[in-house]
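Please keep the sequence and the 3D view open while reading.

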Amino acid sequence: MAVWAYECRPCAGAVDEVWWVARDRIDEMAPEVRLLRVQVGAHWLCAVVDRRRPVVVEGGLLREAVATDPADCPECAVRTMPPGERTMPSAAPHPAESPAGRPPVLTTAEAQVLGCPVRLVLVTMDLLNSPGEAGMLAVDLQPHFAGATVVLLAQDVDGTPHFHGPADWSDALARLPLDQLSWRTGSSG
Ligand SMILES: [Zn+2]
């Protein structure tokens with residue numbers, strides 16, 4: 001099922017990784033909450049939530065999360081502070097904050113389909129429904145993911161995934177465990 005969610009990014013380490021937390025869950029938190037502990041496997045990792053822009057994701061991609069603050073996170077308390085601001089952790093800009101004017105980023109995941117490396121790229125249903133546009137985008141993206149076949153993925157209103165990829169892969173693609181893939185957001189490449 002498709003649900004509204006917010007994107008969360010780890011405050012340290014692989015900051016291009018993205019986790020999704022249900023918007024309902026985050027709306028319950030105080031409006032100033034920007035740092036979360038997100039459940040990733042057996043761990044609860046510090047992440048920054050982007051509350052400006054809800055996104056639609058498949059329910060299976062959602063993660064549990066609780067509110068936290070920079071004082072609870074050694075990385076946030078030290079790494080994110082420019083020298084001279086080290087006594088005011090809450091005033092520090094966070095590295096995962098996107099600077100304005102950044103080029104659009106792609107949300108992608110690596111997978112294997114019938115033994116072939118594949119790069120899944122999340123797109124809108126509108127784009128996927130337009131065969132010409134989807135085909136052009138796949139061609140444009142292909143050089144950025146050398147060695148992998150680009151497959152576009154969109155979800156319809158009930159969360160059912162739809163793919164744009166090699167026609168004889170449709171059954172294999174439908175079996176992909178989308179919620180178990182490691183989704184990342186970053187510039188193509
Ligand atoms: Zn942190």
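How many bridges join strand 1 to strand 2, and do they run parallel or antiparallel? Four bridges join the two strands, and their sense is antiparallel. The model is a predicted one, in which local features need pLDDT of at least 70, side-chain atom pairs count only at pLDDT 80 or more, and totals for chains, interfaces and linings use all residues. Residues are numbered from 1 along each chain as its sequence is written.

Overall, the protein chain has five helices and ten strands; these are DSSP runs numbered from the N terminus, with helices (H or I) of at least four residues and strands (E) of at least two. Among contacts in the chain with a separation of 6 or more, 63% are between residues 24 or more positions apart; a contact requires C-beta atoms, placed from the backbone, within 7 Å.

Strand 1 also runs antiparallel to strand 4, joined by eight bridges. A5 shows both pairings: opposite A5 stand A22 in strand 2 and V55 in strand 4. Two strands are said to pair if DSSP finds at least two bridges between them.

A nonpolar core is a set of buried Ala, Val, Leu, Ile, Met, Phe, Trp, Tyr and Cys residues joined through C-beta atoms within 7 Å. Strand 4 supplies the largest share, six residues. Of the 21 members, C8, V21, L36, V38 and A47 touch the most others. Beyond its neighbours within four places in sequence, L36 is in contact with C8, V21, A47, V49, A65, V66, A67 and T68. A second, separate core has 15 residues, including V113, L128, F163 and L173.

Elsewhere, five strands form an open sheet of mixed pairing, in the order 9-8-7-6-10. Its edge strands, strand 9 (161-164) and strand 10 (184-186), each pair on one side only. Strand 10 pairs with strand 6 (residues 106-113) in the antiparallel sense over three bridges, and T107 stands opposite T185 in strand 10. Helix 4 (residues 131-141) packs on this sheet, touching strand 7 (116-122), strand 8 (149-155) and strand 9.

Key. Two residues are in contact if their C-beta atoms, placed from the backbone, lie within 7 Å. Axes are lines fitted to C-alpha atoms, for helices over the stretch in contact, and angles run from 0 to 180 degrees between N-to-C directions. A residue is buried if 20 or more other C-beta atoms lie within 10 Å of its own, exposed if 12 or fewer, and partly exposed in between; C-beta atoms are placed from the backbone.
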